[in-house]
Amino acid sequence: MNDDSENRFSIDDLNIKVQQAQEILLDLERRKEEIERQKKQLEELRQKQRTFEEDHRTAVDLLTRGLVLLERQAGELKRQLEEIESIHSQFSDQLKAIESIQPASWDPMNLEDELNKALVTVEQAKTIYAQYRDKVGSVTERLAIEEEVEEEEEVPFRFWNKVMSGFAYSLPLILVLLAGMVIWVLKK
């Protein structure tokens, strides 16, 4: 009986040890899965961090370059504005000088002197305008375009002009229809 109880004891002990080993194995499997999950999370986190660092660097570079370009552009625009304001001031002064010329108030005895002064003032204004013509060119081109648009808007509706335009646009269709009718009549 001793052998039997020893065998039972040892089989029970062995079963307990196997069960404990299986529990330890299951616990290790759970730990392994947890470690794998944490590893995957860390890898995703590391990838996000790399992406952030690269995107951060790129955004900083882009914004820094953009700011430098904007500052240059702002400086250039400021310089152009100052130049335009200077030209505007000179044009205003010249316009005032020309508008202040009043031929009706000239003394007939000093007519030649008054006329010479007026001509000098007008020539001076034309010279200043010619001096800045290229710089004002783009502005005057825009003004000319606006004037053309205004003139087109001011032209009254001209019935016969519209009729002639309509006839001109319809002429090819009219000729094709006439040719078709002639061919149809000739075939009969």
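In the predicted model, Thr121 is found in helix α2 (residues 111–154), helices being DSSP runs of H or I of at least four residues, numbered from the N terminus. Residues are numbered from 1 along each chain as its sequence is written. Local features need pLDDT of at least 70 and side-chain atom pairs pLDDT 80 or more, whereas totals for chains, interfaces and linings use all residues, and side-chain values use heavy atoms, without hydrogens or water.

Thr121 has a relative accessible area of 19% and is therefore buried (under 20%; exposed is over 50%, partly exposed in between; 1.4 Å probe, protein chains only). A polar atom of the Thr121 side chain lies 2.9 Å from the backbone oxygen of Lys117. Leaving aside residues up to four places away in sequence, Thr121 touches Gln94, Ala97, Ile98 and Ile101 (heavy atoms within 4.5 Å).

One aromatic pair is found in a search of the whole structure. The ring centres of Phe91 and Tyr129 are 5.6 Å apart and the planes are at 35°, so the pair is tilted (centres within 6.5 Å; planes under 30 degrees apart are stacked, over 60 edge-to-face, the rest tilted). The pair links distant parts of the chain, with Phe91 in helix α1 (residues 2–99) and Tyr129 in helix α2, 38 residues apart. Phe91 is partly exposed at 25% relative accessibility, and Tyr129 is partly exposed at 35%.

Helix α3 (residues 159–187) bends by about 50° at Ser170, and Pro172 follows within four residues; the bend is the angle between axes fitted to the seven residues ending at a residue and the seven starting there.

Conventions: Helices (H or I, at least four residues) and strands (E, at least two) are DSSP runs, numbered from the N terminus. A polar contact is a pair of N or O atoms within 3.5 Å; within protein, one must be able to donate a hydrogen and the other to accept it, and residues adjacent in sequence count only if both atoms are side-chain atoms. Rings of Phe, Tyr and Trp (its six-membered ring) pair if their centres lie within 6.5 Å; planes under 30 degrees apart count as stacked, over 60 as edge-to-face and the rest as tilted.
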